[in-house]
Amino acid sequence: MPRIVLLISLALLTPLMGSCQGHGEGEVMRQGASVNQNMPALTWKDVIHFAEKGSPPPDRRVVMSDTEWRQQLSPEEFRITRLKGTERAFTGQYCESHAPGVYACRCCGTELFDSREKFESGTGWPSFTQPVRDNVVKYEKDTSFGMVRVEILCNVCDAHLGHVFPDGPGPGGLRFCTNSASLVRTGE
Ligand SMILES: [Zn+2]
C-alpha cells in the first residue's frame with residue numbers, strides 16, 4: 001500500500017513547486033551526437049522506478065567523512081553537495097554556459113552529464129535532459145519544504161546534485177536541474 005501511495009504521489013508531481021522550478025522555452029543545445037544515443041531515453045517512469053528500487057549499481061563507491069569533504073571543498077560546495085543546499089538562481093558558474101565538455105561530480109569526479117544534453121531552461125540552474133549513464137545518478141523522493149520532489153545525487157559519493165522534473169524538452173521528457181557547485185566541467 002505505501003508503494004501505491006508513492007507511485008500515485010510521484011505520478012502527480014506536476015505542476016512542481018519550489019526551487020529549481022519553472023522552465024523556459026529555450027531550444028535544446030545539441031552540438032553533436034549524444035554519448036548515450038544508442039540507449040533509450042530515460043523517462044519519468046524510469047525515475048520513479050529508480051527512486052523506489054534504486055539505480056543500477058555504480059562502478060565504484062566513494063565514502064568520506066564530513067571532515068574529509070570539508071578539506072577538499074569550498075564552504076559553498078560543501079553546503080550544497082554534502083548538506084543538500086541550493087545555490088541562488090543565475091549565480092552558478094555553469095548556469096548559462098554551453099561550452100562542450102563533460103560535467104563530473106565536484107566531489108568524486110564521476111562523469112555525470114554531457115554538454116550535448118545541456119539545454120537552456122531559463123531557470124537559472126544548469127539543466128540537462130539525461131545523465132551519461134543510468135548508474136551514475138541516484139534518485140530519492142524528497143519531501144522537504146512541504147513538497148514532493150525527486151532529488152538527484154551522485155550514485156558514487158551521494159553528493160547532492162539538485163532535482164529532476166518531468167517537464168524537459170528531450171525525448172525522455174526529463175529536466176535534470178543541477179547546482180553548478182555540484183559539478184566540474186572537463187574538456188572533451
Ligand atoms: Zn560523486
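Reply: Happy to! One definition to begin with: two strands count as paired if DSSP finds at least two bridges between them. With that in hand, in strand E6 the bridge partner of Asp142 is Arg149. Please keep in mind that this is a predicted model.

Me: Ok, how many bridges do E5 and E6 have, and in which sense do they pair?

Reply: E5 and E6 are joined by six bridges, and their pairing is antiparallel.

Me: Which sheet are those two in?

Reply: They belong to an open sheet of six strands, in the order E3-E4-E8-E7-E6-E5, with antiparallel pairing.

Me: Let me zoom out. How many helices and strands does the chain have?

Reply: The chain has four helices and nine strands. Starting from the N terminus, the order is α-α-α-α-β-β-β-β-β-β-β-β-β.

Me: And what share of the residues is buried?

Reply: Of the 188 residues in the chain, 38% count as buried. As for contacts between residues at least 6 apart in sequence, 69% of them join residues at least 24 apart.

Me: What's the mean pLDDT?

Reply: The mean pLDDT of the chain is 85, and 79% of the residues reach 70 or more. Over residues 1-19, though, the pLDDT is below 50, and this stretch has 19 contacts in the model beyond near neighbours in sequence. Residues 21-34 also have a pLDDT below 50, with 31 contacts beyond near neighbours in sequence.

Me: Good to know. Which strands form the three-strand sheet?

Reply: That open sheet has the order E2-E1-E9, and the pairing is antiparallel. E2 and E9 are at its edges with a single partner strand each, so one side of each has no neighbour in the sheet. On average, neighbouring strands here are turned by 35° against each other, ignoring direction.

Me: How many bridges join E1 to E2, and how many join E1 to E9?

Reply: Three bridges join E1 (residues 102-105) to E2 (residues 111-114), while four join E1 to E9 (residues 183-186).

Me: Which residues stand opposite each other there?

Reply: Let's go along E1. Val102 stands opposite Asp114 in E2. Tyr103 has Phe113 as its bridge partner in E2, and Tyr103 also stands opposite Arg185 in E9. Ala104 stands opposite Val184 in E9.

Me: And which residue takes a positive phi in the hairpin of E1 and E2?

Reply: That would be Gly109, with a phi near 80°. The hairpin has five residues between its strands.

Me: New topic: the inside. Which residues have the most contacts in the largest nonpolar core?

Reply: The largest nonpolar core has 34 residues, and those with the most contacts inside it are Val47, Cys105, Leu112, Tyr139, Cys154 and Val164. The elements that give two or more residues to this core are H2 (44-53), E1, E2, E5 (137-142), E6 (149-154), E7 (160-165) and E8 (175-178). H2 gives the most, with five residues.

Me: Tell me about Cys154. What is it in contact with?

Reply: Leaving aside neighbours within four places in sequence, Cys154 is in contact with Cys105, Cys107, Cys108, Thr110, Leu112, Lys138, Ala159 and Leu161.

Technical notes: Residues numbered from 1 in each chain as written. Predicted model: local features only at pLDDT ≥ 70, side-chain atom pairs only at ≥ 80, totals over all residues. Core = buried A, V, L, I, M, F, W, Y, C linked by C-beta atoms within 7 Å. Buried ≥ 20, exposed ≤ 12 C-beta atoms within 10 Å, placed from the backbone. Contact = placed C-beta atoms within 7 Å. pLDDT = per-residue confidence, 0-100. Axes fitted to C-alpha atoms, helices over the stretch in contact; angles between N-to-C directions.
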